[in-house]
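Dear colleague,

I am handing over the structure below, together with some notes on how its elements pack. Please read the notes with the model open beside you.

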Amino acid sequence: MRVLVTGATGYIGGRLVPELLEAGHTVRCMARSVEKLRDHPWRGEVEAVGGDVLDPAGLDEALEGVDAAYYLVHSMGGGAAFAERDARGARNFAAAAERAGLSRIVYLGGHAPDRGRSSSHLASREEVAGILLDSAVPTAVLRAAVIIGSGSASFEMLRYLTERLPVMTTPRWVRTRVQPIAVRDVLRLLVGAAELPREVDRGFDVGGPEVLTYAQMIRRFARIAGVGRRLILPVPVLTPGLSSLWVGLVTPVPGAIARPLVESLRSEAVCLDDDLADMLGDHERLGFDDAVRLALRRIREAAVATRWSSAAWPSAPSDPMPTDPRWAGGSLYSDERSVRAHARASALWPVVEGIGGDRGWYSWPPAWAVRGLIDRAAGGVGLRRGRRDPGRLRVGDSLDFWRVEEIERGALLRLRAEMRLPGLAWLELRVEDEGGAAVLYQRALFHPRGLAGHLYWWGLLPVHRLVFRQMAAGIAAQGEREAAPGADAAPA
């Protein structure tokens, strides 16, 4: 079949594409920014088209000649109007799918059997499912609860809560029964759903072989990870809002994304049937323990294909680089530095590409930590998103509170800020070989928005100068250490 995957830059979409290719399908990927697909290992095997479900103009072209389409567009942490946007996008897509004469739409939504008490996010997922099911195109809606896999938001939340808190006071939702499912099984069911008979036009509950409470998942994760027994003390006073703040404080998952995850755990999410497995003849499921072991092994081996942060942060700017010709001018502040390192560019570049995450930013860690906490408090992503891979980056990767906007391996890394700022910010690191030694060119750019933006730049100018000076020097020094004969590359 020829299939279209929307949301191919996201957590599920980025993993579904290679599975579809393996199954023999021809794949077309639709993304708002096609450039973000450039460094995926499967990019050369797919067709990529630009498009946005909120803009009907490009949908007809994206769906032309397609047999089936995967609708994997969600607005996690998308602000107050997310439900209206999601519904509008689904209506646009359903109408375009009808015009294109598709034989199948496949949608992955949330598991919300208790429709009357669903959270706003799960209610939005159900609204989208209803819009797609009401279209003239046969639609299969897969409803999953907690997805266990390396890099999933649900798994990261479970992992960090368990690893960091030997004793935890928890809200009542830790006693709610859910049916977690391994991401591997979700992907296999999604691939199979595209080939369901045309008369199948309905929703399916999908889950793993076990029904567990969140408290049971915490205890079993602790045993598998070898972190010791965890003491769980449920308390009745933690609302979803307070719970999401608590999760945001302890885990890398920001409160804006933690809240819908927490709210989804308030209602029981147990499969009412297993019809899809019957139709596909696919009853094999990975148990919770095996799914956790597999996810932890992927993390240890640095083989995490996608992360929850793969999708763009909703408030992230989409403006061009200020030095691009199409940029519309205005005030622009910059901090530019160059440092010569006693090492070749081939030794300095891995330090540049390995920046952030556990290795840090090579300058004044307290300042970075405080900036991350401030960003969290303001509803931003904070500093703890880390990296998908400890050594290699690709366009579109999240990197702490930055996003990789451009990478020319061995020469250039450009990051766009996704922290809460009164303006737009970029950080650019360039490595060149000059006279047998590497020179690091570092440039920070800030385009202020209104008076607050100007006050922000000038108010923090002394701190920025100190941080950026130390960062350039620290990167160069680390490159020299790594180039030294017999030296171990110790992170800064």
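**Helix packing, sheet and salt bridges**

Ala347, Leu348, Val351 and Val352 in α12 meet Ile475, Ala476, Gln478, Gly479, Glu482 and Ala483 in α15, where contact means heavy atoms within 4.5 Å, and helices (H or I, at least four residues) and strands (E, at least two) are DSSP runs numbered from the N terminus. By class, this contact of α12 with α15 has seven nonpolar, two polar and one charged residues; Ala, Val, Leu, Ile, Met, Phe, Trp, Tyr, Cys and Pro count as nonpolar, Asp, Glu, Lys and Arg as charged, and the others, Gly among them, as polar.

The model is a predicted one, in which local features need pLDDT of at least 70 and side-chain atom pairs count only at pLDDT 80 or more, whereas totals for chains, interfaces and linings use all residues. Residues are numbered from 1 along each chain as its sequence is written, and side-chain values use heavy atoms, with hydrogens and water left out.

Helix α12 (residues 345–353) packs against helix α15 (residues 461–483) at about 125 degrees, with the axes 8 Å apart; axes are lines fitted to C-alpha atoms, for helices over the stretch in contact, and angles run from 0 to 180 degrees between N-to-C directions. The two helices, α12 and α15, are therefore oblique to each other (under 35 degrees counts as roughly parallel, over 145 as roughly antiparallel, 65 to 115 as roughly perpendicular and the rest as oblique).

A second pair is formed by helix α7 (residues 214–225) and helix α11 (residues 288–300), whose axes come within 10 Å and cross at roughly 50 degrees, so that α7 and α11 are likewise oblique to each other. By class, the contact of α7 with α11 has seven nonpolar, no polar and four charged residues.

Turning to the sheet, seven strands form an open sheet in the order β3-β2-β1-β4-β5-β6-β11, with parallel pairing (two strands pair if DSSP finds at least two bridges between them). Its edge strands, β3 (47–50) and β11 (202–206), each pair on one side only, and the twist averages 20 degrees from one strand to the next. Strand β6 (residues 139–144) runs parallel to β11 and is joined to β11 by five bridges.

Finally, the structure holds 33 salt bridges, each a side-chain nitrogen of Lys or Arg within 4 Å of a carboxyl oxygen of Asp or Glu. One of them joins the side chains of arginine 2 and glutamate 47 (3.9 Å, N to O), linking distant parts of the chain, since arginine 2 lies in strand β1 (residues 2–6) and glutamate 47 in strand β3, 45 residues apart.
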